[in-house]
Amino acid sequence: QVQLVESGGGLVEVGGSLSLSCVVSGRTLSTYRTAWFRQAPGKERDFVAGSWSPIDTFYADSVKGRFTISRDNAKNTVYLQMNSLTPEDTAVYYCAASERRSGRKASEYDYWGQGTQVTVPS
């Protein structure tokens, strides 16, 4: 019933930009806490950015100032704008949602998208 579908991943040059989208179906987006995570090969799934309200957003230190999370409740869509990309940003990016307030831990989220690959060659 509840589904999250990411899109927008791809290959981008160092210093370039990329925008990811996550469409949430089955529930009204405004009732969800949402976040983006990423996972590189051989590494754990790490928090990237969270959006719990228009004035309550959080970012990992590694992306602060470069990435921006936003949402359009009317479209049930969450976005992640990524700028100044580096090879260290290469990972599979996942959209996550929770019906309760959730933080920076993957275990706090109930629903996940399938992931979208972002590659920044060195």
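Residues are numbered from 1 along each chain as its sequence is written, and side-chain values use heavy atoms, with hydrogens and water left out. Because the model is predicted, local features need pLDDT of at least 70 and side-chain atom pairs count only at pLDDT 80 or more, whereas totals for chains, interfaces and linings use all residues.

For V48, the contacts (heavy atoms within 4.5 Å), not counting residues up to four places away in sequence, are with W36, F37, R38, F58, Y59, A60, V63, F67, L80 and Y93.

Four salt bridges are found in the structure, each defined as a side-chain nitrogen of Lys or Arg within 4 Å of a carboxyl oxygen of Asp or Glu. In one of them D89 pairs with R38, the closest N and O atoms being 2.9 Å apart; this pair links distant parts of the chain, with D89 in the loop between β8 and β9 and R38 in strand β4, 51 residues apart. D89 also forms a salt bridge with R66, for which the closest N and O atoms are 2.8 Å apart, and here the loop between β8 and β9 is linked to R66 in the loop between β6 (56-59) and β7, the two residues being 23 residues apart. Through shared partners, the salt bridges join R38, R66 and D89 into one network. D89 has a relative accessible area of 2% and is therefore buried, and R66, at 17%, is buried as well, the classes being buried under 20% relative accessible area, exposed over 50% and partly exposed in between (1.4 Å probe, protein chains only). R38 is likewise buried. A further salt bridge joins K64 to D61, with the closest N and O atoms 3.6 Å apart; K64 counts as exposed because its relative accessibility is 52%, and D61 counts as exposed at 69%.

The largest pocket has a volume of about 180 Å³ and is lined by R38, Q39, A40, K43, E44, D46, P87, E88, T90 and A91. A pocket is here an open set of points on a 1 Å grid over the protein atoms alone where a 1.4 Å probe fits, with protein on both sides within 12 Å along at least five of seven lines, and lining residues have an atom within 4 Å of a point. By class, three nonpolar, two polar and five charged residues make up the lining.

T119, in strand β11 (residues 116-119), counts as partly exposed because its relative accessibility is 26%. Leaving out residues up to four places away in sequence, T119 touches G10, L11, V12 and T90. The C-alpha atoms of T119 and L85 are 9.4 Å apart in space, the two residues being 34 residues apart in sequence. S51, in strand β5, is buried, with a relative accessible area of 3%, and, leaving aside neighbours within four places in sequence, is in contact with R33, T34, D56, T57, I69 and R71.

Definitions and conventions:
Grid points are joined across faces, edges and corners, and a volume is the space filled by probe spheres set on the points. Ala, Val, Leu, Ile, Met, Phe, Trp, Tyr, Cys and Pro count as nonpolar, Asp, Glu, Lys and Arg as charged, and the others, Gly among them, as polar. Helices (H or I, at least four residues) and strands (E, at least two) are DSSP runs, numbered from the N terminus.
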